[in-house]
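Work through the exercises below with the structure open. Each task is followed by a solution in steps.

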Amino acid sequence: ASNLHAFVLDTLLTRDDDTYEWEGALAESWKIAKDKKTFQFTLRKGLTFHDGSPITSEDIKFSFDVIFDSDYNTAHRRPYFEGIKEVKIVDERTVIFVAKTQYYKNFDQAAGLDIISKKFYGNKKNKKRFTKEIIGAGPYKLAKYERGKRYVLTKFDNWYGHKVQKTNGANYKSKKIVIKFVKESNVAMEMLKKGKLDFISMTPE
């Protein structure tokens with residue numbers, strides 16, 4: 001799922017591949033208060049989700065609030081955001097994260113928050129669709145999901161990163177990406193050797 005989310009979801013900021021410094025993603029600018037307990041982010045203009053709906057401050061606040069909503073399967077994410085007290089809306093494109101303490105990781109969590117659509121996920125009538133669809137704002141959108149087999153992703157042409165030079169947009173040139181589920185590591189390795197897979201994620205034994 002984490003591999004999928006990296007393609008279909010986006011965050012307020014991202015890390016530069018070389019320097020590991022923060023740079024703008026959905027947010028074009030940000031400010032950290034002197035007390036290091038409030039973080040202001042301003043969204044780029046004209047951002048949209050995969051379904052064409054605009055991304056606004058309401059979506060940023062919802063993306064945080066939903067983590068602590070028991071109606072959603074988000075309990076596993078709560079420990080990472082315990083240091084954030086709330087998200088306040090300043091205007092349509094500006095939000096402020098308010099932290100409980102000066103812990104340095106609070107900013108990192110705010111900057112790296114996956115942004116989801118309030119219009120889609122805030123509508124409880126769509127609950128049955130949550131496990132089959134993802135309405136995100138990343139460089140790729142979920143075109144097809146075959147349970148237990150694969151995800152098919154297609155390039156999201158309206159992603160801001162295709163037009164902004166200082167992003168990792170160069171990494172997202174492919175028109176289509178297929179993520180396959182292969183349970184056995186030795187089978188995956190054989191598929192890689194035969195050219196049936198282009199990449200497999202390896203973990204140390």
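**Exercise 1: a strand pair**

Find the bridge partner of lysine 144 in β8.

Solution. Step 1: the partner of lysine 144 in β8 is valine 152. Strands here are DSSP runs of E with at least two residues, helices are runs of H or I with at least four, and both are numbered from the N terminus. Step 2: β7 covers residues 140–146 and β8 covers residues 150–155; the two pair in the antiparallel sense over six bridges. Pairing requires that DSSP finds at least two bridges between the strands. Step 3: three residues separate β7 and β8 in this hairpin, and glycine 148 in the turn has a positive phi of about 75°.

The model is predicted: local features need pLDDT of at least 70, side-chain atom pairs count only at pLDDT 80 or more, and totals for chains, interfaces and linings use all residues. Residues are numbered from 1 along each chain as its sequence is written, and side-chain values use heavy atoms, with hydrogens and water left out.

**Exercise 2: serine 63**

State whether serine 63 is buried or exposed, and list its contacts.

Solution. Step 1: serine 63 belongs to helix α2. Step 2: its relative accessibility is 1%, so serine 63 counts as buried (buried is under 20% relative accessible area, exposed over 50%, partly exposed in between, with a 1.4 Å probe and protein chains only). Step 3: a polar atom of the serine 63 side chain lies 2.7 Å from the backbone oxygen of aspartate 59. Step 4: apart from neighbours within four places in sequence, serine 63 is in contact (heavy atoms within 4.5 Å) with Leu113, Asp114, Ile115 and Ile116. Step 5: other buried residues of α2 (57–65) include Asp59, Ile60 and Phe62. Among the elements covering the buried residues of α2 are β4 (38–43) and α4 (118–121).

Notes. Polar contact = N/O pair within 3.5 Å; in protein donor to acceptor, adjacent residues only side chain to side chain.
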